[in-house]
Amino acid sequence: MNETQKQYGIMKIAIPVENGRLHSHFGGSRQFAIVEVNAPTRAILHAETLPAPEHTPGAFPRWLGGLGVNAVIVGGIGQRAMALFAQNGINVVAGQPGETVENLVEAYLGGALNAQPEACPDGHHHHAPAPGHGHPGGEGHGQL
């Protein structure tokens, strides 16, 4: 966040999305909504959906940090990604998978989203595909 952003309470929130709604697992995301807001007034200043970079360990936190993101709203997320966000001072909170970007941003700015997300073990495998968990074939994180 630059000095102008701090002065005016402007922040960027990233949300991994699928069809305009919160994707259930951060590492399986192919797109991210990046929403710039005026935190004191809760006004959305700019919103765009960007394609995610190739999913390699640590790529998403580095990419989002480089975009100036201050907060990330996720469904599930790997422990390594959580640690990388924490190291860079980026707040990570849990949202309800399937919820719209607008509702998530409003809830976050209103203080309703403050719980830590469920951390999935990095490189985990599901024994049975979890509906909507976001992994191709229900296994591991895979490459995007």
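Helix 4 is followed by Gly111, a residue whose phi is positive, near 85°; helices here are DSSP runs of H or I with at least four residues, strands are runs of E with at least two, and both are numbered from the N terminus. The model is predicted, so local features need pLDDT of at least 70 and side-chain atom pairs count only at pLDDT 80 or more, while totals for chains, interfaces and linings use all residues. Residues are numbered from 1 along each chain as its sequence is written, and side-chain values use heavy atoms, with hydrogens and water left out.

Helix 4 itself spans residues 101–109, and its buried residues are Val101, Leu104, Val105, Tyr108 and Leu109, where buried means under 20% relative accessible area, exposed over 50% and partly exposed in between, for a 1.4 Å probe and protein chains only. These residues cover an arc of only 125° around the axis, which puts them on the same side of helix 4; the arc is that of the directions from the helix axis to the C-beta atoms. On the other side of helix 4, Glu102 and Glu106 are exposed. The cover over the buried residues of helix 4 includes strand 1 (10–18), strand 2 (21–22), strand 3 (31–38), strand 4 (43–51), strand 5 (71–74) and strand 7 (91–94), with contact meaning heavy atoms within 4.5 Å.

In helix 2 (residues 59–66), the buried residues are Ala59, Phe60, Pro61 and Leu64, and they pack against strand 1, strand 3, strand 5 and helix 3. Just after helix 2, Gly68 takes a positive phi of about 85°.

The aromatic rings come next. Rings of Phe, Tyr and Trp (its six-membered ring) pair if their centres lie within 6.5 Å, and planes under 30 degrees apart count as stacked, over 60 as edge-to-face and the rest as tilted. By this rule the count comes to 5 aromatic pairs. One of them joins Phe26 and Phe32 edge-to-face, at 5.6 Å centre to centre with 75° between the planes, and both Phe26 and Phe32 are buried. Phe26 also forms an edge-to-face pair with Phe85, at 5.6 Å centre to centre and 75° between the planes. Phe26 lies in the loop between strand 2 and strand 3 and Phe85 in helix 3 (residues 79–87), so this pair ties together parts that are 59 residues apart in sequence. Ring pairs link Phe26, Phe32, Phe60, Trp63 and Phe85 into a cluster.

Asn19 lies in the loop between strand 1 and strand 2 and is exposed, with a relative accessible area of 74%, whereas Arg42 is placed in the loop between strand 3 and strand 4.
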